Amino acid sequence: MRTGQEEKIDKTGGMASLDGQSRQMVAELKRRGRYRYMRPLDGASSTRVEIDGHEYILLSSNNYLGLSTHPEVVDAAVLAVKKFGAGAGASRLVSGHNRLVQELEEEIADWKGKDRALVFPSGYSVNAGVISALTGVGDFVLSDQMNHASLIDACRLSKAETHVYEHSNPLDIIRKIQKTGGTGSILIVTDGIFSMDGDIAPLREIVSIKKKCGAHMAVDDAHGTGIIGENGSGVAGFCGVADDVDILIGTLSKAVGSQGGFVAAGSDVIERLINTCRPFIFSTGIAPACAASALAAIRIIRRDFEDLSSNLTRNARLMRAGLREIGFDVPADSGIPIIPLILGGDEAALRFSEKLFGKGVFAPAIRPPSVPEGTSRIRISVMATHTEEDIDRALEAFRAAGRATGTI
Ligand SMILES: *Cc1c(COP(=O)(O)O)cnc(C)c1O
């Protein structure tokens with residue numbers, strides 16, 4: 001007698017060990033220029049980083065305002081560790097949360113102009129949890145083609161039917177809504193500022209569609225929070241639609257410089273999430289140091305937004321103008337710190353990033369599935385704390401890498 005197990009083994013042509021199978025898969029990734037690895041930094045992640053005793057200008061961090069190393073932010077984290085310890089201990093529903101988390105949620109709600117906010121261990125877990133907690137069988141989720149991977153995974157987790165619409169195309173949203181039947185609710189989800197291209201979603205148009213159709217709307221503002229809008233409150237405020245967006249999602253790990261994610265919405269929605277959102281319920285609360293540093297950072301952003309933002313915008317414009325002068329085709333004239341330098345093939349992007357590294361600039365190649373096939377790139381992100389000298393030196397490295405790879 002054969003068991004089901006044996007049959008399965010026979011079909012795969014023998015018993016490859018998990019190690020063997022994994023080795024093969026990684027080798028295949030290497031062959032295709034898709035291999036990923038991490039570099040250990042010997043100090044803080046700031047505008048310059050130390051790797052193996054050498055200093056590099058960092059052009060790939062989302063710590064856009066440099067707040068992760070701001071003295072007030074660091075002090076707040078140290079004090080919190082001393083008072084509340086290193087870890088939260090359990091899910092907040094099980095063992096309570098320290099007061100800092102509550103204060104942080106009140107600060108976020110006030111900043112975002114919503115009734116309440118709820119903090120999660122990461123932005124990824126907010127998306128993974130919120131979309132499936134708010135939609136169910138018979139409902140529809142409409143998702144932008146270029147949404148972040150965490151929203152794509154969120155749609156996969158949801159029991160609702162997902163329709164992917166053409167990037168930032170309101171007409172296609174209407175077409176997709178017309179295809180939905182039944183009485184289910186419709187949730188439109190979009191990045192606020194798209195993470196790989198730095199373009200802004202057409203939130204005004206989407207709001208007007210959602211009002212006409214009685215749909216709901218969630219905006220993932222991971223990259224707009226702290227960057228644009230009044231006092232850095234984000235893209236919904238920037239577009240003048242903060243009141244109309246039902247669900248505002250963001251992360252504490254980018255411009256806020258700490259770690260964690262949040263959702264801001266009406267009180268009833270937050271109550272529902274506390275009671276039904278699985279990544280919230282079944283994950284330990286954020287560490288006290290993260291809550292304290294995020295709170296300190298948001299207060300700094302709200303207080304000093306004009307200065308922080310004018311430095312960031314200046315650096316973004318300097319970098320874009322410099323790259324265009326050298327001959328690279330990057331989008332001009334935007335103060336958004338995300339600058340895509342699209343090179344096409346995976347190998348081309350890899351070679352370019354290696355040349356940059358050789359010239360003292362750390363900005364890795366971004367390849368599928370982070371970006372669509374054929375659009376592998378260097379995703380440059382500038383920080384408010386880069387100096388003009390940093391930008392000049394970086395531009396020289398881009399010129400050299402461009403020449404060495406025949407890109408310019
Ligand atoms: C980074 C990012 C996230 C994930 O946030 P983390 O806090 O890093 O988990 C979610 N959405 C978008 C658009 C992002 O860029």
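**Exercise 1. Is Glu373 buried or exposed, and which residue does its side chain meet in a salt bridge?**

*Solution.* Start with accessibility: Glu373 has a relative accessibility of 58%. The cut-off for exposed is over 50%, so Glu373 counts as exposed. Keep in mind as you work that this is a predicted model.

Next, look for the partner. The side chain of Glu373 meets that of Arg34 in a salt bridge, with 2.9 Å from N to O. Now place both residues on the chain: Arg34 lies in the loop between H2 and S1, while Glu373 lies in the loop between strand S12 (365-366) and strand S13 (376-381). They are 339 residues apart, and the pair links distant parts of the chain.

**Exercise 2. Arg34 also forms a salt bridge with Asp346. Where do the two residues sit, and are they buried or exposed?**

*Solution.* Begin with the distance: the closest N and O atoms of Arg34 and Asp346 are 2.5 Å apart. Then find the elements. Arg34 is in the loop between helix H2 (18-31) and strand S1 (48-51), and Asp346 is in helix H14 (residues 346-358).

Finally, check accessibility against the cut-off for buried, which is under 20%. Arg34 has 11% and Asp346 has 10%, so both count as buried.

**Exercise 3. Which residue forms a salt bridge with Arg48, and how accessible are the two partners?**

*Solution.* The partner is Glu55, and the closest N and O atoms are 3.1 Å apart. Glu55 has a relative accessible area of 48%, and Arg48 has 24%. Both values fall between the cut-offs of 20% and 50%, so Glu55 and Arg48 are partly exposed.

Other salt bridges share partners: these join Glu103, Glu107, Asp110, Arg299 and Arg302 into one network. For the whole model, the count comes to 22 salt bridges.

**Exercise 4. Where is Phe140, is it buried or exposed, and which residues does it touch?**

*Solution.* First, locate Phe140: it belongs to strand S4 (residues 140-144). Second, read its accessibility: at 6%, Phe140 counts as buried.

Third, list its contacts, leaving aside residues up to four places away in sequence. Phe140 touches Ala160, Glu161, His163, Thr180, Gly181, Gly184, Ser185, Ile186 and Leu187. Last, pick out one of these, Thr180. Phe140 and Thr180 are 40 residues apart along the chain, and their C-alpha atoms are separated by 7.3 Å.

Definitions and conventions: Residues are numbered from 1 along each chain as its sequence is written. This is a predicted model: local features need pLDDT of at least 70, side-chain atom pairs count only at pLDDT 80 or more; totals for chains, interfaces and linings use all residues. Side-chain values use heavy atoms; hydrogens and water are left out. A salt bridge is a side-chain nitrogen of Lys or Arg within 4 Å of a carboxyl oxygen of Asp or Glu. Helices (H or I, at least four residues) and strands (E, at least two) are DSSP runs, numbered from the N terminus. Buried means under 20% relative accessible area, exposed over 50%, partly exposed in between (1.4 Å probe, protein chains only). Contact means heavy atoms within 4.5 Å.
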